[in-house]
Amino acid sequence: MSTLICGSVAYDTIMVFQDQFKRHILPEQIHMLSVSFLVPEMRREFGGCAGNIAYSLKLLGGDPLIMAAVGSDFGPYAQRLDNLGIARTHVRELPEQYTAQCFVTTDLDDNQITAFHPGAMGLAHLNRLDQVEAPVELAIIGPDSKQAMVERAEQLAAAGIPFIFDLGQAFPLFDGDDLRHMISLATYLAANDYEAEVIVQRTGLSLDEIAAQLKALIVTLGAKGAHIYADGVKHDIPPVQAAAVLDPTGCGDAFRAGLLHGITHGWDWPSTGRLSSLLGAMKIAQRGAQNHQFTVESIAVDYQVAFGSPWPGQ
């Protein structure tokens with residue numbers, strides 16, 4: 001059985017400005033801003049929420065099936081997915097578009113200026129659930145075009161396939177009515193603490209009221225761990241001390257891969273949350289969203305060391 005990963009596939013271009021933005025932006029002239037930054041350090045990473053989640057889930061031994069729209073420049077990413085053994089049957093290539101791209105310039109204070117081009121992602125709704133022939137036991141809807149996210153949720157709910165709704169960076173697209181509709185369709189909801197507060201404010205529902213409509217509400221807290229609300233119980237998930245704190249990009253996606261693994265393997269929520277927390281810590285110690293490495297055997301050992309308990313299922 002496959003896990004359907006719906007969301008963006010993107011290239012991330014990260015550039016480093018060896019100075020501080022504030023030294024080159026004049027507050028009194030902000031109304032006529034015209035600046036240029038020399039960025040001698042640059043790297044291009046494979047990214048996008050769907051790609052990132054699928055990467056970690058594959059390392060866990062899962063069978064991720066990505067559903068996304070990409071453009072004419074998809075070639076290098078396609079080769080990467082093939083090398084990883086991740087199916088791209090439902091990654092639709094649109095030759096008249098570019099693959100979604102994120103351009104990030106970071107200064108020495110870790111301030112960031114970001115530009116995002118959605119490209120083919122804006123047509124992700126062209127992919128439909130009825131085009132998927134492989135049996136799917138679980139899905140996740142990550143940030144994508146709003147139309148794709150809503151239609152995918154309705155299709156999954158109609159098919160009786162449980163799914164995680166992961167609002168992520170798409171939260172500006174959804175008002176209170178939209179969010180209430182998505183929550184009514186979802187099986188699980190995952191959000192960071194800021195996104196959770198946005199959802200509470202826009203829906204007028206408390207976290208407990210939202211959780212009551214779901215099998216589980218997962219709220220991540222960054223370096224403080226996470227809370228999982230399920231069956232009337234709030235599980236406090238401890239953080240894992242990272243070997244280094246180099247790059248938070250993709251940490252939430254690694255966390256969600258842990259959720260998918262735990263759910264499909266029937267783990268309890270504390271164990272599922274702990275695996276997710278461990279994956280987030282492993283990711284933050286590497287630059288880029290898809291450069292952390294582990295095997296099922298090695299992460300089982302890491303889990304034992306981090307939490308003093310054996311890998312679930314042993």
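The model is predicted: local features need pLDDT of at least 70, side-chain atom pairs count only at pLDDT 80 or more, and totals for chains, interfaces and linings use all residues. Residues are numbered from 1 along each chain as its sequence is written, and side-chain values use heavy atoms, without hydrogens or water.

**The sheet**

Select β3, β2, β6 and β7. These 4 strands form an open, mixed sheet in that order. Strands are DSSP runs of E, at least two residues, and helices are runs of H or I, at least four. Two strands pair if DSSP finds at least two bridges between them. β3 (41-47) and β7 (112-117) each have a single partner strand, so one side of each lacks a neighbour in the sheet.

Now zoom in on β2 (residues 10-16). It runs antiparallel to β3, joined by 7 bridges. Isoleucine 14 stands opposite arginine 43 in β3.

**Aspartate 253**

Go to helix α7 (residues 251-264) and pick aspartate 253. Which side chain does aspartate 253 make a polar contact with? That of asparagine 52, at 2.9 Å. A polar contact is a pair of N or O atoms within 3.5 Å, one able to donate a hydrogen and the other to accept it.

**Salt bridges**

The whole structure has 9 salt bridges (Lys or Arg side-chain nitrogen within 4 Å of an Asp or Glu carboxyl oxygen). Select arginine 180 and aspartate 177 in helix α4 (residues 176-185). Their side chains meet at 2.4 Å, N to O. Finish at Arg43, Glu45 and Asp247, linked in a network of salt bridges.
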